[in-house]
Amino acid sequence: MLEILEYSFIQNALIAGILISIAAGIMGSLVVVNKITFLTGGIAHSSYGGIGIAIYLGLPVLLGATVFAVITAVIIAILTLNNRNRADAIIGMMWAFGMAVGIIFVDLTPGYNVDLMSYLFGSIIAVSSDDIFYMGILDVVIVSIVVFFYKEILAVSYDSQFAKLRGVNTEFFYILILVLASLCVVAAIKAVGLILVIALLTIPTYLAEAFSTKLSQMMIISSIFACIFTLSGLVISYIYDISSGASIIISAVVILTLVKLIKRK
């Protein structure tokens with residue numbers, strides 16, 4: 001089994017899995033605590049527009065997805081900031097618009113022959129050295145901002161009204177959390193794809209909640225669980241020659257079920 005580590009694409013996949021797990025653990029905790037899972041899902045699917053534009057212009061796909069996802073996150077944050085009751089309609093509109101833009105630009109790209117399924121459902125084995133470098137940068141940005149603004153993010157996440165009374169700019173940090181979530185989505189595209197990324201953000205956090213008493217603990221434990229899910233899914237996908245994204249999520253669900261059954265007993 002260890003001989004598979006000799007392959008460079010497996011080594012890249014392992015490194016990418018660890019980098020993605022760090023981002024997913026941190027941002028998954030914030031997404032769940034702030035109850036913005038649906039908003040993050042809308043951003044994830046909208047970022048397909050950036051993928052289509054990047055392919056059409058011949059730019060790096062992750063760069064196009066990042067720019068489009070961040071812009072979408074800011075727009076959704078501004079539109080839902082004072083109108084949370086209409087968030088579902090706004091997200092649905094942005095979700096459909098992003099996907100439509102991506103499909104149109106892909107159709108307009110002459111001679112395009114890249115497998116789009118890898119962006120929708122993930123293909124961590126196809127991760128390149130450039131992708132790893134880009135994921136590393138995104139990880140550094142996410143970790144640095146969360147560490148620097150940890151107290152403010154903590155206050156906004158658990159009691160935004162009290163935080164606002166204490167002088168914290170809750171609107172800014174609401175937008176910031178959504179932007180960071182969009183960066184995490186981009187980092188996870190190659191692993192589990194746009195469609196399955198929400199599961200990678202929420203399942204590890206759901207498990208981590210049972211073993212943590214603080215947000216920082218939840219982030220660390222969630223990252224560890226995400227790493228376990230990602231690496232075990234990678235091994236399964238290699239052995240049985242099946243989709244890596246689906247394997248990662250199935251591993252996560254199975255482990256979640258086992259842990260919950262053990263804790264209940």
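1. Basis. Local features in this predicted model need pLDDT of at least 70, side-chain atom pairs count only at pLDDT 80 or more, and totals for chains, interfaces and linings use all residues. Residues are numbered from 1 along each chain as its sequence is written, and side-chain values use heavy atoms, with hydrogens and water left out.

2. Geometry of α3 and α4. Helix α3 spans residues 48-57 and helix α4 residues 61-81. Helices here are DSSP runs (H or I, at least four residues), numbered from the N terminus. The pair packs at about 135°, with axes 7 Å apart. Axes are lines fitted to C-alpha atoms over the stretch in contact, and angles run from 0 to 180 degrees between N-to-C directions. α3 and α4 are therefore oblique to each other (under 35 degrees is roughly parallel, over 145 roughly antiparallel, 65 to 115 roughly perpendicular, the rest oblique).

3. Contact of α3 and α4. On α3, Gly49, Gly50, Ile51, Ile53, Ala54 and Ile55 take part; on α4, Val61, Gly64, Ala65 and Phe68. Contact means heavy atoms within 4.5 Å. Seven of these residues are nonpolar, three polar and none charged. Gly counts as polar, Ala, Val, Ile and Phe as nonpolar, and Asp, Glu, Lys and Arg as charged.

4. Geometry of α2 and α5. Helix α2 (residues 37-46) and helix α5 (residues 87-108) cross at roughly 15°, their axes coming within 7 Å. That makes α2 roughly parallel to α5.

5. Contact of α2 and α5. α2 supplies Phe38, Leu39, Gly41, Gly42, His45 and Ser46; α5 supplies Ala87, Asp88, Ile91, Met94, Trp95, Gly98 and Met99. By class, seven are nonpolar, five polar and one charged.

Definitions and conventions:
Helices (H or I, at least four residues) and strands (E, at least two) are DSSP runs, numbered from the N terminus.
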